[in-house]
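The report below describes a predicted model.

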Amino acid sequence: MIGPETGSGPPVGDPGVPGPAAPPPPRLRSVDLARISTRAVYIQALFTSERMQGPGFAFAILPAIRRLFGPGKRTSALKRHMGYFNTHPVLAGIVLGAVARLEERRARGEDVSEERIDAAKRALASPLAALGDSLFWVTLRPLSGLLGVLSVGLIPAPDSLGPDWRVLLCPLVVLLTYNALALPLRVWGVGRGHARAGQPSELLRGLHLLEWRMALERVGAFAYGALAASVLLLVWESIGRVVGGGAGHLLLLVAGAVVSAAVLSRRPGRLPEAALLAAGLTALLALLL
Amino acid sequence: VISELLVVAFLGGILALDRLAGVGMMLSQPLVGACFAGALLNPGPAWELWALRIPLGVGALLQLLLTDSALPGVRRHHESSSAGVVGAAVALFAMQRLHAVLSVPTDGTLWVVVGTVAGLLAAWAAGPFMARIRRHNRSDLPRMDDAAAAGDVGAFEALYWWGAVRVLLHGAAWAAAATAALSGLALLVLPPLMNHVSGGVIGGAFAGLLGAALTAAAFAHVRGRAGVLRWAALGVLAAVAAKFWIEGAGR
């Protein structure tokens, strides 16, 4: 439970003799979880291939360690979380919340071993990394960019002189598309992980990440089809009107697409090189023809 | 020029933080960076709508060209966070200084091509930049371990915050340096080159970039994804239907 300290700890010493008040059992407050959430935003600032987000995890969970442990025990708690850790940054808050809950129980004297905390961390981090990467990096991030590009064509340009608001609205489409899903998980992830630390499978199922990914993949494909058709229809008019020879430029567009596809099929990820090669070759073709 | 480079450095730092430190709000997408750069570097009403449309065009092309559905951790060849800012800044910078000198009538297409090529070069050259940040991070690890072992939480936090600040400073320095270098290159290369190049060649380069952009987007959204082809076909049908409907309504 999250809440103020209640001071309901066990009495110390002889019950018949009034002694000093026992320290209340340590308990995380809402403000601690909020601090963990804000620190989790920078979880990759010291990203390395050896420990991935490990130092970031230790940095993010520090408010909980400070609250739960005295100076003597902080060292071992901090060192415990400095090792290898990797998950999707948007979903890291869920693991942080769940681990904070286990640390809280450990600090209260419950039988929660270091190994159990480590195992729980791994058990949540791995599936969240797999689901989060495929949803956020592979599907939602490209989709948000694609919708931003589509909005350049869909939002009407101003007829007369005046500000072209697309320069603000199109980036807004990108930011809203991605963050409509990602931001709530970042904001509430720590609290959710803390509240449901004991039910990891329910916690994972309740996020519906797989369902989101499948739906967004379809939206992405639909948007791509609409964009490709719109570009091919427009290129005949606009390129032809601007510099003449619409049909020739349509052929050059296809040539650029083929060159780029050939490069990317053989060397995946070489996007700038493929585009520069396509532009150079088509410019050369235009010069020669 | 200094004030323009300071704006570029500011944006480059923020975008690097977004992309590399885990913030991940998508500020570092090329379209967002290019549009923000266009809005902040707007050369004024003398350039009418071009000042904003060119960054939009550069951003849209770079967004498609640099959309990589691979995971950030496995990308080694390029770093696209500052590509949009650098591309839009170089395009606007070159446009203001060379427009009067060049006589090729391309209605802004030339500057979109120049900005896109600059953004691609910046993304390509920035690959080692990310490796450099990771090398710095690796060298900080022993010091963080020592701070944790000594129970010095303050030193541990200070080292971590410095890691975030370093990402910001690297991003700012890289964006400003790349913009200055590529703008200088454009000022040097374009005037003599344009004596031998017609509008058709510029249109050819633009068409090639568009084709490459559609291919890159197909690799990101359709290729290797099960059961999405029919959705892409539906999108094509919807776009064609919308075009005919809009044309019919116009008549």
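## Helix H3 of chain A

In chain A, helix H3 spans residues 71–80, and its buried residues are Thr75(A), Ala77(A), Leu78(A) and Arg80(A). The cover over these buried residues of H3(A) draws on both chains: it includes helix H2 (54–68), helix H4 (92–107) and helix H5 (114–154) of chain A, together with helix H6 (127–149) and helix H7 (153–194) of chain B.

## The largest nonpolar core

The largest nonpolar core holds 162 residues, and the members that touch the most other members are Phe136(A), Trp111(B) and Phe156(B). The element that gives the most to this core is helix H8 of chain B (residues 199–221), which supplies 14 residues.

For Phe136(A), once its neighbours within four places in sequence are left aside, the contacts are His88(A), Val90(A), Leu91(A), Arg141(A), Pro142(A), Tyr178(A), Leu181(A), Ala182(A) and Leu185(A).

## Cysteines without a disulfide

Over all chains, the structure holds zero disulfides. Cys170(A) is in no disulfide, and the nearest cysteine sulfur to it, that of Cys35(B), lies 6.0 Å away; for Cys35(B), which is likewise in no disulfide, the nearest cysteine sulfur is that of Cys170(A), at 6.0 Å. A disulfide requires the two sulfur atoms to be within 2.5 Å.

Definitions and conventions:
Residues are numbered from 1 along each chain as its sequence is written. Chains are lettered from A and ligands numbered from 1 in the order in which they are written. This is a predicted model: local features need pLDDT of at least 70, side-chain atom pairs count only at pLDDT 80 or more; totals for chains, interfaces and linings use all residues. Side-chain values use heavy atoms; hydrogens and water are left out. A nonpolar core is a set of buried Ala, Val, Leu, Ile, Met, Phe, Trp, Tyr and Cys residues joined through side-chain atoms within 4.5 Å. Buried means under 20% relative accessible area, exposed over 50%, partly exposed in between (1.4 Å probe, protein chains only). Helices (H or I, at least four residues) and strands (E, at least two) are DSSP runs, numbered from the N terminus. Contact means heavy atoms within 4.5 Å.
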